[in-house]
Amino acid sequence: MFTGFTGFAQGPLQLLIFTSVTRITLRGETPVGMVMVSETAPTKWRATALGGLVGGYPFGYMLCSLTALAVVPLWGWRALYWLGILPALLVLWVRLGVRESPRFERVTAAMLKEGLRRRLDIWSPVRQYPREMATASLLYFFYLFTWIGWSAWMPQFLANEKHLGFQTAASYLSIWMFCAIFAYYLCGWLRDLVLADAM
């Protein structure tokens, strides 16, 4: 819903606040979906399923850039953000129909038995696995840095620095996201294939 509110921003500071809050909520949704797929997908094609899940992000990004080609010249950039409310309503509808995984229900029951305070120690993984947590955090940082660089900064660079215009930047983004969709699926499938051969 914050995507829609972004369309009402009256200056750079408000735009920064709304887009930041939108990013925070989106990033909070990612691990929830990944854990749910990890807990429910069969082991032999789990990575492919995860690749498909993550591949949904560039698919949405591609649809947005293609929509921008039609919407922005007619109604401006604000209309594109207001259209962003529609996928949010779709997510809400899907969320209402998706059941929790059996593993989550078992873990939740165990947490209630043992006491929530003890179980909700978010620093516990950092204390128990400091090297693994540092490695994972660095990998995720560089992944996001690269992803945002190509998907957000490069179109701006093409449009403003190279003076190629909005249409070229949006077209570039659409092609880039189209390739990314299949790259995620391919990486997941290859991971499942390699592990299946190793077993």
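Trainee: Arg 131 first. Is Arg 131 buried or exposed?
Mentor: Exposed. Arg 131 has a relative accessible area of 63%. Keep in mind that this is a predicted model.
Trainee: Which residue forms a salt bridge with Arg 131?
Mentor: Glu 132 does. The closest N and O atoms of the pair are 3.9 Å apart. A salt bridge here needs the nitrogen within 4 Å of a carboxyl oxygen, so the pair counts.
Trainee: And how accessible is Glu 132?
Mentor: Glu 132 is partly exposed, at 41% relative accessibility.
Trainee: How many salt bridges does the structure hold?
Mentor: Two. Asp 192 forms a salt bridge with Arg 191. There the closest N and O atoms are 3.3 Å apart.
Trainee: Is Asp 192 buried or exposed?
Mentor: Buried. Asp 192 has 6% relative accessibility, and buried means under 20%. Arg 191 is partly exposed, with a relative accessible area of 42%.
Trainee: Why would such side chains pair at all?
Mentor: Opposite charges can pair when the charged atoms come close.
Trainee: What about charge over the whole chain? How many positive and negative side chains are there?
Mentor: The chain has 17 positive and 10 negative side chains. The centres of the two sets lie 3 Å apart.
Trainee: Switching topic. What is the fold made of, helices or strands?
Mentor: Helices. The chain has ten of them and zero strands.
Trainee: What are the overall dimensions?
Mentor: The C-alpha trace spans about 55 × 40 × 35 Å along its principal axes.
Trainee: How much of the chain counts as buried?
Mentor: 22% of its 199 residues. The chain exposes about 14300 Å². Carbon and sulfur atoms supply 73% of that area.
Trainee: And the contacts, how far apart in sequence are they?
Mentor: Take contacts between residues at least 6 apart in sequence. Of these, 64% join residues at least 24 apart.
Trainee: Which element gives the most?
Mentor: α5, with four residues. Leu 86 sits in helix α5. Leu 86 is exposed, at 55% relative accessible area.
Trainee: How exposed is Phe 18?
Mentor: Partly exposed, with a relative accessible area of 22%. The cut-off for buried is under 20%, so Phe 18 does not count as buried.
Trainee: How far is Phe 18 from Ser 65?
Mentor: Their C-alpha atoms are separated by 19 Å. Along the chain, Phe 18 and Ser 65 are 47 residues apart.
Trainee: Last one: His 163. What is its phi?
Mentor: Positive, about 55°, although His 163 is not a glycine. Most residues other than glycine have a negative phi.
Trainee: Where is His 163 found?
Mentor: In the loop between α9 (130-161) and α10 (165-198). His 163 is exposed, with a relative accessible area of 66%.

How values were computed: Residues are numbered from 1 along each chain as its sequence is written. This is a predicted model: local features need pLDDT of at least 70, side-chain atom pairs count only at pLDDT 80 or more; totals for chains, interfaces and linings use all residues. Side-chain values use heavy atoms; hydrogens and water are left out. Helices (H or I, at least four residues) and strands (E, at least two) are DSSP runs, numbered from the N terminus. Buried means under 20% relative accessible area, exposed over 50%, partly exposed in between (1.4 Å probe, protein chains only). Contact means heavy atoms within 4.5 Å. Accessible areas come from the Shrake-Rupley method with a 1.4 Å probe; for residues, only the protein chains shown count as cover. Lys and Arg count as positive and Asp and Glu as negative; His and the chain ends are not counted. The place of a charge is taken as NZ of Lys, CZ of Arg, CG of Asp or CD of Glu. A salt bridge is a side-chain nitrogen of Lys or Arg within 4 Å of a carboxyl oxygen of Asp or Glu.
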